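Keep the viewer open as you read.

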Amino acid sequence: MAVEKVGEKYQCGICGNVVVVVKVGGGELVCCSQPMEKIEN
């Protein structure tokens, strides 16, 4: 899933890392060799 806007949160389904987007640059966030899942604020 591509990053779309500032403030979105993504979580790794394996290790639990959480990322909050502060600058949109496109692309997909990956952690532990798998795409991160978008979570609701």
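This is a predicted model: local features need pLDDT of at least 70, side-chain atom pairs count only at pLDDT 80 or more; totals for chains, interfaces and linings use all residues.

Residues are numbered from 1 along each chain as its sequence is written, and side-chain values use heavy atoms, with hydrogens and water left out.

Let's begin with the sheet. Three strands form an open sheet in the order S2-S1-S5, and their pairing is antiparallel. Strands S2 (18–20) and S5 (37–39) are at the edges with a single partner strand each, so one side of each has no neighbour in the sheet. On average, neighbouring strands here are turned by 35 degrees against each other, direction ignored; the angle is taken between lines fitted to C-alpha atoms, and angles run from 0 to 180 degrees between N-to-C directions. Strands are DSSP runs (E, at least two residues) numbered from the N terminus, and two of them pair if DSSP finds at least two bridges between them. Strands of a sheet pair through backbone hydrogen bonds, either parallel or antiparallel. Between S1 (residues 9–11) and S5 there are three bridges, and Lys9 has Ile39 as its bridge partner in S5.

Now step back to the segment before S1, where you will find Glu8. Glu8 is buried, at a relative accessible area of 3%; buried means under 20%, exposed over 50%, and partly exposed in between, using a 1.4 Å probe and protein chains only. The Glu8 side chain makes a polar contact with the side chain of Tyr10 at 2.8 Å (a pair of N or O atoms within 3.5 Å, where one must be able to donate a hydrogen and the other to accept it, and residues adjacent in sequence count only if both atoms are side-chain atoms). Beyond its neighbours within four places in sequence, Glu8 is in contact (heavy atoms within 4.5 Å) with Val3, Val19, Val20, Val21 and Lys38.

Tyr10 also belongs to the largest nonpolar core, whose six residues include Cys12 and Cys31. Such a core is a set of buried Ala, Val, Leu, Ile, Met, Phe, Trp, Tyr and Cys residues joined through side-chain atoms within 4.5 Å.

What about disulfides, and how many does the structure hold? It holds zero, a disulfide being a pair of cysteine sulfur atoms within 2.5 Å. The sulfur of Cys15 is 3.8 Å from the closest cysteine sulfur, in Cys12, which is too far for a bond. Cys12 is buried at 4% relative accessible area, whereas Cys15 is partly exposed at 41%.

Conventions: Helices (H or I, at least four residues) and strands (E, at least two) are DSSP runs, numbered from the N terminus.
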